[in-house]
Each structure stands twice: as C-alpha cells, then as structure tokens.
2 protein chains.
Amino acid sequence: MTPVRTAEILAVGSELLTPHRIDSNSLYLTAQLNDIGIDVRSKTVVGDDVRALADQFHQSLGRVDLVVTTGGLGPTSDDVTREGIAEALGLPLVEDEALVMAIRTRFERRGLTMPEANRRQAAVPAGARILANPNGTAPGLWINAGDRVVVLLPGPPREMQPMFEREVRPALMARTTGRRVWRRVIKIAGRSESHVEEIAQPIYGPLASSDVPIETTILASPGVIELHLSARGEDAAAIGAALDRGVTALASSLAASVVSVDGRSIEETIGQLLLSHHSRVAVAESCTGGLVMGRLTDVAGSSAWFVGGVVAYANEVKTGTLGVAPSLIATHGAVSEPVGAAMAEGVRRVLGAEFGLAITGIAGPTGGSPEKPVGTVVIALAHEKGTVTRTLRLGGDRPMVRQHSVVAVLELLRQTLVAPSS
Amino acid sequence: MTPVRTAEILAVGSELLTPHRIDSNSLYLTAQLNDIGIDVRSKTVVGDDVRALADQFHQSLGRVDLVVTTGGLGPTSDDVTREGIAEALGLPLVEDEALVMAIRTRFERRGLTMPEANRRQAAVPAGARILANPNGTAPGLWINAGDRVVVLLPGPPREMQPMFEREVRPALMARTTGRRVWRRVIKIAGRSESHVEEIAQPIYGPLASSDVPIETTILASPGVIELHLSARGEDAAAIGAALDRGVTALASSLAASVVSVDGRSIEETIGQLLLSHHSRVAVAESCTGGLVMGRLTDVAGSSAWFVGGVVAYANEVKTGTLGVAPSLIATHGAVSEPVGAAMAEGVRRVLGAEFGLAITGIAGPTGGSPEKPVGTVVIALAHEKGTVTRTLRLGGDRPMVRQHSVVAVLELLRQTLVAPSS
C-alpha cells in the first residue's frame, strides 16, 4: 500500500462561515496527524452545500494522500457530507442495515422511537467502512479511494476525538512510514518575544540544519513565551536525545526565565514549589480584581498551598481589611510601592500565610495621570525576610494590562521560590 | 461594474497549519463582509508554498466575486502571497518606486537603514492599487481581475483591520448592491441551550419564512446562551422593524432570563443596575477563587459599584476574615447553605456594601462525597432585606463547574436587582 504522508482537512458547516464560530477541530486533528508523521497541507471550511463540498473535496483528493472531513454527518437535510463525498467519488449511497439497527437501538435504549430522518445517517457510500460512534448517532466513515484515504468524522469534539483515537489513528499508523513527530515545549516568563528570539535564535538556528533537524516555533501570549521544538523521523531514541540537547542548550541560555520544560504553567510550578517549601500564599489584588487568585485556583489541589485573599478595589478595603495605613495612601497614592508593600504585608499577616502577594495599578481606560499613566502597576511580595516591590509600565488595553500584571506577580513569586536563598 | 456578492477568504502562513495557531482574522473579515452584504462561501488556510497558494487562489477566483487573502506579505522568502497571486493571474511583478521610498522612509524615521530584503515588499503585481499600511511595512494590494476583485491584506490584526476599514470597506461598498446584513443579539442566562431552543423555536421558526426572512442562530457558552437574529436586504427601515419585532417576541417569551438585547454582558448589566440603585456589591468566593470578581472588574469603571471581596479558600479565612461561625462549618460543612449565607452576610458587613455575594462549592476533581458530590455549589446573596441561598448540582469538569458557578451567582444578583421589590 502507498504510505500516507500528506493530508488536507475539510470542515463542513455553514455555522463555521459566520463571524461567531471557528473550526477548532482542525487543531486537534493537526496535532494527531503530525504526531504520526502526516503533514497537513491545507485546511478549508465549506458551508452545507453539496456542490461546493464535492468540488473542494475533489480538488483536495487530487493533491494529498488523505482527506479528513469533520461535520455534516447529522440526520437533517443540512447534513450533506455523505452525499458530497459520494458524488465526488462517483459512489452510490447505500443504506447499511446494521447501521439502521444500531441507530434504532440507541434511540430505544433511551425509550424513544428512531425518527425517520435518522435513516439518512445509515446511507453510506458503497464500500465505506463504518467507524463506531459511542457518543452520538452519527457514524464515521473510512473510504479507500484507490491509493488515497478518505475519513469522514462527526463535528462535535466529544464524538470526533474518541473516534479518531480508537479507530482512525491505529488504521492510519498502519499506512504511515513509521516516521513520527516529537515535540518539546519550553515556557518562559518575564521576557518579550523579541528578547527571547534574540537570545534563542543563535542556538535554535543551527539546530535546524543539524543531523537531526529541529524546527523551532515561538508562540507569545501576554507575559509568557513558548518555544516549541519539533523533529520528525523514525529513530525515537536519536530524536529524543537531540531534542533533549536542544532543550538543555536553550533553557540554560534563558536561565531563570524558564518556567518549565515539561508543559507546566507558572501556577502549577508555583504550587509544587510552595509544597516543597511547606509554605502557603495569600493574595491582595486591586486592578486585577481576582484574576491572580483565579489562576492559582485553576490548579486542582491548590487548597494545599493557597490560603485565600482579598480583592481590595475600594481604598477602604485596603485600609480596613488589609490594614494599610490611610496616611500611606494619602501621601503616595493607592498605586505606589509603599501601598503595594503594605497590601502584601497585610494580606500575609491577616490571612496567616508565609508569602503575601499584592497588585495595585491603573488598568484603564481612565484613571491615569501624567505622573502615573494608564498601565502603571505596582507588584509586591512579602515574606518573613522582607518585602520586594516593583513598578511596571505596561502598554496595551485594559485586558492586556491586567493579564501582564497577573503574570508579572506570579513570576515574582516563582523567582523568589526558586532562588537559592528562599 | 458587476456587483460583488460572494467571497472566499484565504489565509496564508505555515504557522496556521500547526496545532497551535488558528486563523482568527477570518472571523473579523466575515463580520465585515457580511455587514456590507457579501456572503463568505468558504475559507482556506494554506502554507508558505507558492504553488499551493496559486492553485487554491485560482480555484477560489473561479467560484466567487471577491477573494481576500491575509498574511504572507512580509519581507522574507517565506512570504509568498505576492508571487502566488501574480502567478495565478498571469501578471508580472514590478517594483513600485513610490513604495520603496515609503518603506525606506519608515525605517529612516526610526533611525534605521532599510534592509535589502524589504525591497521584496515593493514588488507588486502589475496594475495593483496599493493600500497604505500605517501600522507596518507590508502594504496591502487591490487587484481588479476582470469582473472579480482580489484584495491582499497583511496578517497581523493591528495592521489588517485598520487597512480593511479605511481602504477596503469603502471601495467594496461601491461595488455591492446596497444589500446589507443587520443583526440583533439576545443574551440569556440560567437556561440550557435545549430549553431556550424549545421556547424560542416556535417563534423564530416562522420568522425564517416571513416577508423579511430572519435567520436565527443559537450560540452556547457556560451559563449564557445567545440568540443571534440576522436579516439581509436593502430596506434598512423595514428590516430593522422586522428584527425589532422578532427580538420583542423572543425576549418576552424568555422573560426574566433575558440579560440584554443590546450586546451587554451580565456584568455590564449588573453595573448599570447597581448604579441606578445607588448600591455597591462585595463578593466572597471559595471554589471560584476570584473568578466572579475578575468578571466584575472586567467592566471599565467598576470601581463605582464594586467594593472588593475576599477569596476564602481556607476555612480559617471564612471564620477569620468573614466572621463565619466555626460551629456552622463544623455542623453543616464548608459547602452548605448556612455557610454560604454567612459568607455573603460577612463580606457585605465587613466590606460595607449593600449587596454581598458568596460562592462555596466542590469544583473537583477531588473533594466530593456521596452526599455532596463534585459539582455541588452553594450560591448566596445577602442584602438588607435578607439572604437568599441556592444549592446547584453542576456537571462537567473543574473549569466548567467554576464557570457555571460564576454565571449562576451573577445571575442571582441580576435577578434580584431587576425584581420590582428590590
């Protein structure tokens, strides 16, 4: 059999051509296909239009070894994927009796009679192999079209993903060359994308043309930069070793800015560090309004190292609940290092934690002044050895300022926890 | 000139064919094009491959009146959009002297010399009209290909969007039929998607075949359902009136569950209601760890009606800072209506707000018991007239339980604020 090396993905559904929905299935499928060594060459969204689908599918099949479609397998007349593919392949649609029975049984198990409309879902292109759908009524289909492979998957991710993993992936692996893609991810905080690139490029540049060529991609989100390293081939041991060498070289050049080389987020790293320090953290937030604590409590089991905290939006909460001296606010303003320090110390003391974190700032769009423009944010960390504060000048809109502030204060805690003295 | 009615969108860039990045530009472009009456028939992502791009573009141009590309206009050899389109249209690439000057000036203004690589960006298909890019070096291009229109836009949204709005939209409007798409959005909280559909379908069903046909789409996110109504045509007054009738009929059938018919979020609605009540709110959160407050403070100007709050993750914060009686926790457990009520009353009293909100629950994955399984969440609202509590049994994973809890407690406050008695 000809090996499968290249693929195109076709998402079917008029709702995916509105301004509101995006085809996110293709991200999952791309990761899965790359993982078994299949390159994705293009991806397309078409509406519920049998002619447009047949046309696009026909062209895709002329270009690649594998075409995967998602969506359009439901029971209504809008669901045109079966017809479109059958038409493009010149295959008749035939009703599969076993499939009618399976769909009928699924309804009867829930005490319902199968609507006649669902019979459409049992009409399959002649010769197609049926892929079971334990999570819905729409069966998937596998069609061998000469040397090429066509796979039709349902649209809902909770139906599509298990079907891919159980039925499609093993069958495709039998048709691949054994070549696979391996990946590593380095997460970096507190540096800009261009700064990371400047440091990392001299290292990852040569990796691209080494014996085991390694591709590097930089992904940026507010405050966190990710370096993705990937290599493809058949020799798992050699590729793994080459990737590990690349990760080590990059991680040591970026030193203390490296959050993790195993996919962990800043907050997961913090949780593990606090556990190993037998310490807990409490948080006082003003302009970020709870986002820092929202991130910390995303981590399952965070109750072991997160005590709680205070959102001190109004000044009377800073002075009342956190015990910040009103004179500090009067003298320096609510957004100042003395007030940030007093908030961190206050929440640490009031809530009884080893570490206290605080953020106070001006997220905008209003509230700025020439001296303290929008984007001025003070972060602070209090522990038994003293209190550290920093003033940030952040760009961007309100959500951007808030997100950057959250990462900055988390990173201040992480840096303190990894420092040899802490 | 032939009017422009249909479009395809082509996103160019190998990074968009990885598992990590998605083409979100197409959502913006679809909204813009629909708005001026142009239907988007398909959208495709291709890599930095001049042959694949030329091939896909050629097919698109055979199907629709307008092809819009994004990306691939940079200065490096990976940026192949100009070549691909020129090749597919059979046009030579010619260097535009004015454009070289403009790019050179842009560099010189920043004290830099234009790299020779950037000269590529001045090579344009013969006859193309140049679209100025005030936010970057990559110019856009408008090409008339017979009756068809081809528009090449840069990939970064902050360059692409202003270019579309200033240069492309007005030029396209001169080529449309005057037909436009009008939209309305109804936001609904506290009902399931199937429940909304059951109530709304008998109303919006007939709207689809009325004199002014109205299309309705249901979009679901945790806790909030949106009904999008849209109609297309030339008669703004008639269509506006028909949409308003549809919105009124749907909103009255869904009654108190309707959050807004003008796009406002629950938290924006709450802010305006609190302002009109001259009241402020304070929040106590356990399992949601600050997410409620994070949502409230997303709203610019929220300091006028949000005091602050306490994340009481550990029980000693509930008893200490919020003054919940330890005996309540001992008798009923931390996740119980008496404790929820005491948290809401405590945060209202301690922070001095008219309304106190509280959430305490088991978000999982661990911490459940047969009596109180994962997903058991108590929400509470305290005000001067008394305290309301509710126990929810939520399904889904930890993030889902947290998101649903946030919406539920916000909706409890909104309902209280709109009730005639409050």
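Predicted model: local features only at pLDDT ≥ 70, side-chain atom pairs only at ≥ 80, totals over all residues.

Trainee: How many bridges do S6(A) and strand S7 of chain A share, and in which sense do they pair?

Mentor: Two strands are taken as paired if at least two bridges are found between them. S6(A) and strand S7 (residues 140-145) of chain A have 3 bridges and pair in the antiparallel sense.

Trainee: Which helix lies across these strands?

Mentor: Helix H5 (residues 157-173) of chain A lies across S6 and S7, and also across strand S3 (66-70) and strand S8 (148-153) of chain A. Its direction is at about 160 degrees to S8(A). In chain B, H1(B) packs on the sheet and touches strand S1 (6-12), S2 and strand S3 (66-70), making about 160 degrees with the direction of S1(B).

Trainee: In what order do the strands of the sheet stand?

Mentor: The order is S6(A)-S7(A)-S8(A)-S3(A)-S1(A)-S2(A)-S2(B)-S1(B)-S3(B)-S8(B)-S7(B)-S6(B), an open sheet of 12 strands with mixed pairing. At the edges stand strand S6 (129-131) of chain A and strand S6 (129-131) of chain B; each has a single partner strand, so one side of each is left without a neighbour in the sheet. On average, neighbouring strands are turned by 15 degrees against each other, direction ignored.

Trainee: Where else does a strand of chain A pair with chain B?

Mentor: Strand S14 (residues 306-312) of chain A is joined to S14(B) by 5 bridges, and the two run antiparallel. Within this pairing, A:Gly308 has B:Ala312 as its bridge partner.

Trainee: How many residues does each chain bring to the contact?

Mentor: Chain A and chain B each contribute 51 residues. On the side of chain B, the elements giving two or more residues include strand S2 (39-46), helix H2 (50-63) and strand S14 (306-312). The residues of that side comprise 25 nonpolar, 21 polar and 5 charged.

Trainee: Why may one say that the copies meet through the same surface?

Mentor: One compares the interface residues of the two chains. Here 100% of those of chain B are also interface residues in chain A, so the copies meet through the same surface.

Trainee: What rotation superposes chain B on chain A?

Mentor: A rotation of 180 degrees does so, with 0.2 Å of shift along its axis and an RMSD of 0.2 Å. The two copies are thus related as by a two-fold rotation axis.

Notes. Residues numbered from 1 in each chain as written. Chains lettered and ligands numbered in written order. Least-squares fit on C-alpha atoms with pLDDT ≥ 70 in both. Contact = placed C-beta atoms within 7 Å. Helix = DSSP H or I, 4+ residues; strand = E, 2+ residues; numbered from the N terminus. Nonpolar A, V, L, I, M, F, W, Y, C, P; charged D, E, K, R; others polar. Axes fitted to C-alpha atoms, helices over the stretch in contact; angles between N-to-C directions.
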